[in-house]
Amino acid sequence: MAAYTTIDNPELYFQAKLHTGNATNRSITLDGSEDMQPDFVWIKQRSSSNNHELFDAVRGATKRMYSDVTNVEDTGATTLTSFDSDGFSLGTGNPNNDGGTYVSWCWKESATAGFDIVTFTGNGSARTISHSLSAKPEFFVVKSRTYGEQWECYSKTIGATKCLQWDDDSAEADIAGRFNDTEPTSSVFTVGDADAVNKNTYTYVTYLWRSVQGFSKMGSYTGNGNADGPMIWTGFRPAFLMVKKSSGTGNWVMSDNKRSVFNRVQNTLYANVADAELTDGVYFDLLSNGFKIKDASSANNTSGGTYIYMAFAEAPFVNSNGVPCNAR
């Protein structure tokens with residue numbers, strides 16, 4: 001069997017972690033077989049309707065943003081206090097409330113693994129911004145750190161003439177001034193003149209991803225409205241999956257291999273909603289080579305509906321030695 005990946009151990013670049021808060025200064029160690037110092041940590045309290053909290057090493061520890069609201073960046077001295085050699089440290093406040101249960105999704109910034117973090121200052125005119133992916137981004141999101149605007153999302157599936165917003169459930173739309181109707185390239189992405197992406201003197205952060213064979217996949221599928229839904233090939237067993245209906249309204253569904261220990265994944269959080277976790281939500285099966293829809297809800301499988309997705313690997317379908325992985 002031919003090799004299908006150059007990343008045999010996805011845990012070097014992405015890991016999900018479950019933890020329970022105790023309101024004391026503490027270190028969270030990731031579960032992987034090798035150390036990974038994350039550059040982007042997304043934390044959500046599962047047991048309560050607190051905001052999603054997003055931290056990255058480029059903006060710096062303690063600086064947080066929230067995917068479910070348009071709020072500006074704030075600094076919380078008792079939040080995420082450092083990015084460590086194999087995890088991260090938390091202070092005494094949220095996201096470490098005593099007894100609260102949490103999930104953290106952690107990415108390593110790496111061109112090899114197809115993830116980049118870029119910050120810039122707006123100038124009010126359409127322009128290009130450099131990135132370091134060395135390939136065309138397939139999904140990226142721009143958010144103002146200093147202005148209360150929405151999270152503007154580019155997806156290769158809908159193209160640069162349209163956008164989606166992480167913080168709401170709206171369908172794809174042609175909203176002027178976002179990406180200047182210009183596709184990103186292997187070295188730059190384009191922002192227009194809208195305040196949401198490029199207001200003069202305001203600061204912004206952008207998270208950019210591309211597909212990496214055997215490790216990550218950004219793509220789309222069409223729903224069939226049946227509980228025996230479509231199977232989507234990724235080339236790996238997913239550790240994390242985000243799905244959004246782009247042709248109509250629908251939440252940004254977030255699933256992973258830690259919160260649901262069986263093949264039927266039904267522990268659901270939504271990137272655009274602060275609600276506590278649903279334990280009988282949208283159904284997916286995570287397979288050795290992709291995922292299958294097992295639910296006919298509008299959130300992931302309306303007949304004829306178009307859905308975009310981002311997936312990251314737990315294990316490649318076939319590693320560099322030609323050894324296949326197993327299903328869950």
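**Exercise 1.** Which residues have the most contacts inside the largest nonpolar core?

*Solution.* First, the ground rules. This is a predicted model, where local features need pLDDT of at least 70, side-chain atom pairs count only at pLDDT 80 or more, and totals for chains, interfaces and linings use all residues. Residues are numbered from 1 along each chain as its sequence is written, and side-chain values use heavy atoms, without hydrogens and water.

Next, the term. A nonpolar core is a set of buried Ala, Val, Leu, Ile, Met, Phe, Trp, Tyr and Cys residues joined through side-chain atoms within 4.5 Å. Buried means under 20% relative accessible area, exposed over 50%, partly exposed in between (1.4 Å probe, protein chains only).

The largest core holds 56 residues, and Trp42, Trp105, Trp107, Trp166 and Trp209 have the most contacts inside it. Strand β25 (residues 306-316) gives the largest share, 7 residues. Strands (E, at least two residues) and helices (H or I, at least four) are DSSP runs, numbered from the N terminus. Another core, of 17 residues, lies apart and includes Ile129 and Phe140.

**Exercise 2.** Locate the cis peptide bond.

*Solution.* Asparagine 94 and proline 95 are joined by it, with omega about 15°. Proline 95 sits in the loop between β8 (87-90) and β9 (101-107).

**Exercise 3.** Is alanine 23 exposed or partly exposed? Treat threonine 201 likewise.

*Solution.* Alanine 23 has a positive phi, near 60°. Its loop runs between β1 (14-20) and β2 (26-29). At 30% relative accessible area, alanine 23 is partly exposed. Threonine 201 has phi near 75°. Its loop links α1 (195-198) and β16 (203-209). Threonine 201 is exposed, at 56% relative accessibility.
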